[in-house]
Amino acid sequence: MRESKFREPDLLLLLDGHDARNRNRFWFGADLVLEVVSPGGEERDWVEKRADYAEGRIPEYWIVDPPAGTVTVLTLADDVYAEHGVFGEGDAATSVLLPGFSVDVTTVFDAARKWAKT
């Protein structure tokens, strides 16, 4: 991303803790970012941030969409994201960046429902 543009994803990962992008105040990139779509934030998470993270060369972008009950995993191909998969309840969302890593989508949304009730 441009030096003057910052995004604060809900979750971000650097594979190497000594990566030069790891700074005290802001990280200057990441290897994986995850956003949880918030009500009214659909355009921001699905379109604006997708373009910003592609511009910032973030290799993998996960979008957790509670209203849809899906986790979409996008991987950077050239300058745009390609869809690795759209995973729903009963599926395991998988990563291209982290071979062998998966997240049970049902567990994610069960936890979210339980948290919302408290």
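**Exercise 1.** Is Trp 62 buried or exposed, and what is its relative accessible area?

*Solution.* The structure is a predicted model. The relative accessible area of Trp 62 is 4%. Buried means under 20%, so Trp 62 is classed as buried.

**Exercise 2.** Classify Phe 101 by its relative accessibility.

*Solution.* The value for Phe 101 is 39%. The partly exposed class lies between the 20% limit for buried and the 50% limit for exposed. Phe 101 therefore counts as partly exposed.

**Exercise 3.** Determine how many aromatic pairs the structure holds, and describe the geometry of two of them.

*Solution.* Step one is the search, which covers the whole structure and returns three aromatic pairs. Step two takes Tyr 53 and Tyr 61, whose ring centres are 5.0 Å apart with 75 degrees between the planes. An angle over 60 degrees counts as edge-to-face, and this pair is accordingly edge-to-face. Both Tyr 53 and Tyr 61 are buried. Step three takes Trp 62 and Phe 101: the centres lie 6.1 Å apart and the planes meet at 55 degrees, so the pair is tilted. Trp 62 belongs to strand S3, whereas Phe 101 sits in the loop between strand S6 (92-94) and strand S7 (102-104). The two residues are 39 apart, and their pair links distant parts of the chain. Step four concerns grouping: Tyr 53, Tyr 61 and Tyr 81 form one aromatic cluster.

**Exercise 4.** Characterise helix H1 by its span, its bend and its packing.

*Solution.* Begin with the span. H1 comprises residues 42-55, 14 residues in total, and reaches 19 Å from its first C-alpha to its last. Next, consider the bend: a kink of about 35 degrees is centred on Lys 49. Lys 49 is also one of the buried residues of H1, together with Asp 45, Asp 52, Tyr 53 and Ala 54. These buried residues pack against strands S2 (32-36), S3 (60-65), S4 (70-77) and S5 (80-88). Finally, Arg 57 follows H1 and has a positive phi, near 60 degrees.

**Exercise 5.** Which residues line the second largest pocket, and which elements give two or more residues to its lining?

*Solution.* The second largest pocket holds about 190 Å³ of space. Its lining consists of Leu 11, Leu 13, Leu 32, Leu 34, Trp 62, Val 64, Val 71, Leu 98, Phe 101, Val 103 and Val 108. The elements that contribute two or more residues are strand S1 (11-13), S2 and S3. Both members of the tilted pair, Trp 62 and Phe 101, are among the lining residues.

Definitions and conventions. Residues are numbered from 1 along each chain as its sequence is written. This is a predicted model: local features need pLDDT of at least 70, side-chain atom pairs count only at pLDDT 80 or more; totals for chains, interfaces and linings use all residues. Side-chain values use heavy atoms; hydrogens and water are left out. Helices (H or I, at least four residues) and strands (E, at least two) are DSSP runs, numbered from the N terminus. The expected span of a helix is 1.5 Å times one less than its number of residues. The bend at a residue is the angle between axes fitted to the seven residues ending there and the seven starting there. Buried means under 20% relative accessible area, exposed over 50%, partly exposed in between (1.4 Å probe, protein chains only). Contact means heavy atoms within 4.5 Å. Rings of Phe, Tyr and Trp (its six-membered ring) pair if their centres lie within 6.5 Å; planes under 30 degrees apart count as stacked, over 60 as edge-to-face and the rest as tilted. On a 1 Å grid over the protein atoms alone, a cavity is a set of points where a 1.4 Å probe fits but cannot get out, and a pocket is an open set with protein on both sides within 12 Å along at least five of seven lines; lining residues have an atom within 4 Å of a point. Grid points are joined across faces, edges and corners, and a volume is the space filled by probe spheres set on the points.
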